[in-house]
Amino acid sequence: MAQKLIWKVTVTGKKNAGKSSIVSEAVYGTATPINSKGFVRKKVSIDFMSNEYEIDLLFLEMPYETLNEKFLSKSTFVLLVVDITDMVSLQNAREFLKMYNDTMEIFIIATKADMRYTSQFWEPEVSKLAGEYGILYFIYSNRDDFSSILKEILGYSLAKIFNQGK
């Protein structure tokens, strides 16, 4: 019998960084942004350590400019979206990590990888930032399949939860 979990996922980043596309890709399998005012639900099943989990992911898009600590604090994890064509989004990510890295699980999603020719930073800068805070990062283009990234994040999160008592 599958264990049922409900996880709140906050997707944050600078305006136009690709938050809506990430949510839409994760939930509906299309990068066409959605207009949501509130939570968007995605049901996933995942096998982890010989157990089956059915997880209701409740995605909430929260622009960096309007962060709300109350909602953030209740998140299972945060997808911190940075736009490789906008250096300010990387600076905002650094500020966010300074404030919240010790209090929640955060993953960096560097978007617009298909626009590398206009990038203001690339994987070395994202890798360095992630390394400073000991977090995982992913380079993503909306032409890619986000489900593999989501599966890796879910597996990592389950492993972290499962191993907390050890």
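Modeller: One term before we start: a residue is buried when its relative accessible area is under 20%. Also, this is a predicted model.

Colleague: Fine. How many helices and strands does the protein have?

Modeller: Five helices and six strands.

Colleague: What order do the elements run in from the N terminus?

Modeller: β-α-β-β-α-β-α-β-α-β-α. The radius of gyration is 15 Å, close to the 15 Å that the globule rule gives for 166 residues, so the protein is as compact as a globular protein of that length.

Colleague: What box do the C-alpha atoms fill?

Modeller: Roughly 50 × 35 × 30 Å, along the principal axes.

Colleague: And what share of the residues counts as buried?

Modeller: 48% of the 166. The accessible surface comes to about 8,900 Å². Carbon and sulfur atoms hold 49% of that surface.

Colleague: Contacts next. Of those with a separation of 6 or more, what percentage joins residues 24 or more positions apart?

Modeller: 71%.

Colleague: And charges: how many positive and negative side chains are there?

Modeller: 20 positive and 20 negative. The centres of the two sets lie 5 Å apart.

Colleague: Let's do α1. Is it mostly covered or mostly open?

Modeller: Mostly covered. Nine of its ten residues are buried.

Colleague: Which ones are buried?

Modeller: K19, S20, S21, I22, V23, S24, E25, A26 and V27.

Colleague: What covers those buried residues of α1?

Modeller: The cover includes the strands β1, β2, β3, β4 and β5. Helix α5, residues 147–162, is also part of it.

Colleague: What happens just after α1?

Modeller: G29 sits there with a positive phi of about 75°.

Colleague: Which residue has a positive phi of about 70° although it is not a glycine?

Modeller: N16. You'll find N16 in the loop between β1 and α1. N16 is exposed, because its relative accessible area is 58% and the cut-off for exposed is over 50%.

Colleague: And what is the phi of S50?

Modeller: Positive, about 65°, and S50 is not a glycine either. S50 belongs to the loop between β2 and β3. At 81% relative accessible area, S50 is exposed.

Colleague: Switch to E105. Where is E105?

Modeller: In the loop between α3, residues 87–100, and β5, residues 106–111.

Colleague: Does E105 count as buried or exposed?

Modeller: Buried. Its relative accessibility is 17%, under the 20% cut-off.

Colleague: What does the side chain of E105 make a polar contact with?

Modeller: The side chain of K160, at 3.1 Å. Beyond its neighbours within four places in sequence, E105 is in contact with T76, F77, V78, Y156 and K160.

Colleague: T111 now. Which strand is T111 in?

Modeller: β5. T111 counts as buried, at 4% relative accessibility.

Colleague: Which residues is T111 in contact with, leaving aside neighbours within four places in sequence?

Modeller: A17, I22, V81, V82, D83, I84 and Y140. One of those, I22, is also among the buried residues of α1.

Colleague: Back to the loops. Where is E65 found?

Modeller: In the loop between β3 and α2, with α2 covering 69–73. E65 is partly exposed, at 48% relative accessible area.

Colleague: What does E65 touch, not counting residues up to four places away in sequence?

Modeller: G13, K14 and K15. The side chain of E65 reaches the backbone nitrogen of K15 at 3.1 Å.

Colleague: How many residues apart in sequence are E65 and G13?

Modeller: 52. In space they are 8.1 Å apart, C-alpha to C-alpha.

Colleague: Last one, A2. Where is A2 found?

Modeller: In the segment before β1. A2 counts as buried, at 18% relative accessibility.

Colleague: Which residues is A2 in contact with, neighbours within four places in sequence aside?

Modeller: E52 and E54.

Conventions
Residues numbered from 1 in each chain as written. Predicted model: local features only at pLDDT ≥ 70, side-chain atom pairs only at ≥ 80, totals over all residues. Heavy atoms only, no water. Helix = DSSP H or I, 4+ residues; strand = E, 2+ residues; numbered from the N terminus. Rg over C-alpha atoms; globule rule 2.2 N^0.38 Å. Buried < 20%, exposed > 50% of the residue type's maximum accessible area, 1.4 Å probe, protein only. Contact = heavy atoms within 4.5 Å. Areas by Shrake-Rupley, 256 points an atom, 1.4 Å probe, with all protein chains shown as cover. Lys, Arg positive; Asp, Glu negative; His and termini not counted. Charge placed at Lys NZ, Arg CZ, Asp CG, Glu CD. Polar contact = N/O pair within 3.5 Å; in protein donor to acceptor, adjacent residues only side chain to side chain.
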